[in-house]
Amino acid sequence: SRVMEPVSSSVDSPGKKTEDESAEELEKQAKKRTYVIQEIISTELTYIERLKMSIDHIVVPLRGMKLLDQADISGQFDFLERIYELHSRNSVSGSTSQNLKFVELFNDMSMNFHHYTDYLVNYEPAMQRRGHLLTSNRRFADFIMKVEKESLCGQSLESFLILPVQR
C-alpha cells in the first residue's frame with residue numbers, strides 16, 4: 001500500500017495574508033492613525049485659540065469694566081475659563097503618533113470631563129440670564145456688539161460659548 005504524501009501548493013490558503021500584505025496593512029493603519037491624531041491636534045489647537053479669544057476679548061475686559069456684577073460674570077464665564085485652563089494646560093501641540101505624550105494628555109483630559117458636565121448643566125440658565133442682561137443692560141449689550149464686530153471677526157458671543165457644547 002502506498003502512503004499518500006501531502007500535495008504542496010504554491011497558492012496560499014484563502015484568507016491568509018502574505019508578509020508583504022500584512023506589512024502593507026500595518027503601514028496603512030499607521031498612516032491612518034497619524035492622520036487622525038494630526039486632525040485631533042489641529043482641531044484642538046483651533047478650539048484652544050477660540051476659547052482664549054473669547055476670554056481675552058470678553059471676560060477679562062468685562063471684569064475690569066464693571067458692566068456686570070461679579071456673580072453674573074462668574075455665572076456666565078467661570079466654567080468657560082476652567083475648560084480653557086484644562087485644554088491649555090494639556091496642550092497637544094507637540095504630540096505625534098510616535099509620542100506617548102499624546103496618549104497621556106488624552107487620558108488626563110478624560111479624567112477632567114466633569115468641567116464639561118458643569119458647563120453643560122449651567123449652559124441653558126446662563127444663556128437665559130445672558131439674554132436678560134443683553135436686553136436690560138444697554139452698556140453690556142453695546143460692549144458685546146462692539147467686541148463681536150471688532151475682536152471676534154464678526155462672530156457672535158454665542159458662537160464662542162457654544163464651543164464646549166459642540167466639543
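Predicted model: local features only at pLDDT ≥ 70, side-chain atom pairs only at ≥ 80, totals over all residues.
Local features were considered only at pLDDT of at least 70 and side-chain atom pairs only at pLDDT 80 or more, whereas totals for chains, interfaces and linings use all residues. Residues are numbered from 1 along each chain as its sequence is written, and side-chain values use heavy atoms, with hydrogens and water left out.

The chain contains 7 helices and 0 strands, where helices (H or I, at least four residues) and strands (E, at least two) are DSSP runs numbered from the N terminus. The order of elements from the N terminus is accordingly α-α-α-α-α-α-α. Of the 167 residues in the chain, 29% are buried; buried denotes under 20% relative accessible area, exposed over 50%, and partly exposed the range in between (1.4 Å probe, protein chains only). Among contacts between residues at least 6 apart in sequence, 72% join residues at least 24 apart, a contact being defined by heavy atoms within 4.5 Å.

The structure holds 1 cavity of 30 Å³ or more. On a 1 Å grid over the protein atoms alone, a cavity is a set of points where a 1.4 Å probe fits but cannot get out, and lining residues have an atom within 4 Å of a point. Grid points are joined across faces, edges and corners, and the volume is the space filled by probe spheres set on the points. The largest cavity has a volume of about 60 Å³ and is lined by G75, Q76, F79, L80, Y119, N122, Y123, A126, R130 and L161. The elements that give two or more residues to this lining are α2 (70-89) and α4 (114-136), and the largest share, 5 residues, comes from α4. By class, the lining comprises 6 nonpolar, 3 polar and 1 charged residues; Ala, Val, Leu, Ile, Met, Phe, Trp, Tyr, Cys and Pro count as nonpolar, Asp, Glu, Lys and Arg as charged, and the others, Gly among them, as polar.

Helix α4 also packs against α5 (residues 138-150), the two axes coming within 5 Å and crossing at roughly 105 degrees. Axes are lines fitted to C-alpha atoms, for helices over the stretch in contact, and angles run from 0 to 180 degrees between N-to-C directions. Helices α4 and α5 are therefore roughly perpendicular to each other (65 to 115 degrees; under 35 counts as roughly parallel, over 145 as roughly antiparallel and the rest as oblique). Residues R130, L133, L134 and S136 of α4 and R138, F140, A141 and I144 of α5 make the contact, which has 5 nonpolar, 1 polar and 2 charged residues. R130 also belongs to the cavity lining.

D72, in helix α2, counts as buried because its relative accessibility is 11%. Beyond its neighbours within four places in sequence, D72 is in contact with R129 and L133. D108, in helix α3 (residues 100-110), is partly exposed, with a relative accessible area of 28%. When residues up to four places away in sequence are not counted, D108 touches R89 and N90.

Notes:
1 Å grid on protein atoms, 1.4 Å probe; cavity = no way out; pocket = protein on both sides within 12 Å on 5 of 7 lines; lining within 4 Å.
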